Amino acid sequence: MKDMLIDGLRTAYDAQLRGVTPPGGGARIEKDGPLTRVVGWHRGFVTGPRDLGVRGAELDTLIARQRDFYAARGEAVEWKTRAHDLPADLTDRLTAAGFVAENSETVLIGKSVDLAADPVLPDGVTLRRVTAGADLQRIAAMESTVWGEDWNWVADDLAARIENAPENIVVLVAEAGTEVVCAAWLVFKDGVDFGGLWGGSTLEEWRGRGIYRAMVAHRARLAAARDIPYVYVDASAASAPILTRLGLHAVTTTTPYVWSP
């Protein structure tokens, strides 16, 4: 029974979530054969259907064309792969073309109504929806601290999304006094049955207190209120066990393959 559920969720994922939400802010989306790519973002981004429909030398040519396109722009590019992609040798061919695998994440999907709840936060922590540029900069600074690298692009990306389609994004911060201790956002796509759970990063000293779970519960409640039946997330190794315990189901894994000039 559970296998049938997972198969159904994976099929819906492949049908509805292989595209890209327009990021706005001057970025544009282009098609190249079976691929969709983003140009003018913080780095290039490429995704495609489950089966690219090309094999062998033709696939090598398609891969090289993406690499060379971004190379001409002096930009890095991420090719988003999933474990059940076809052809099965796609990742081998990406590697041969100079792409390097980054950390894999687990794609998890759950029913919004099952996950929806009032957020339970520790004493002294409050949850707030934000749209102002100053708050988005605070989120970027927190993300940079969590991940140990420059995430300043997040502020511009969120600002562009809010400006481009404010009805399709909810950005949340959990604050202890004036400090952002966790941030997360919920992204909708028109005509899609899934709300995307993104962000969800918590400062190390604030982990283990239920803040991340509260963010999930609140965003699921927002999705359910909008009659969006499912929420999904690309979860890190640290987050996946928490989300699985909350009732989300693992349907596949996703690995970014990145080429840098």
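This is a predicted model: local features need pLDDT of at least 70, side-chain atom pairs count only at pLDDT 80 or more; totals for chains, interfaces and linings use all residues.
1. Basis. Local features require pLDDT of at least 70 and side-chain atom pairs pLDDT 80 or more, while totals for chains, interfaces and linings use all residues. Residues are numbered from 1 along each chain as its sequence is written, and side-chain values use heavy atoms, without hydrogens and water.

2. Main core. The largest nonpolar core contains 45 residues. Such a core is a set of buried Ala, Val, Leu, Ile, Met, Phe, Trp, Tyr and Cys residues joined through side-chain atoms within 4.5 Å; buried means under 20% relative accessible area, exposed over 50%, and partly exposed in between, with a 1.4 Å probe and protein chains only. Elements giving two or more residues include α5 (133–147), α6 (153–164) and β9 (179–188); β9 gives the most, with 9 residues. Helices (H or I, at least four residues) and strands (E, at least two) are DSSP runs, numbered from the N terminus.

3. L136 and a separate core. L136 is among the residues with the most contacts inside the largest core. Beyond four places in sequence, its contacts (heavy atoms within 4.5 Å) include L158, I162 and V171. Another core, of 17 residues, lies apart and includes L35 and F99.

4. A116. This residue lies in the loop between α4 (112–115) and β7 (125–129). A116 counts as partly exposed because its relative accessibility is 28%. Leaving out residues up to four places away in sequence, A116 touches A217, A220 and R221.

5. Backbone. Most peptide bonds are trans. L86 and P87 are joined by a cis peptide bond, with omega about 0°.
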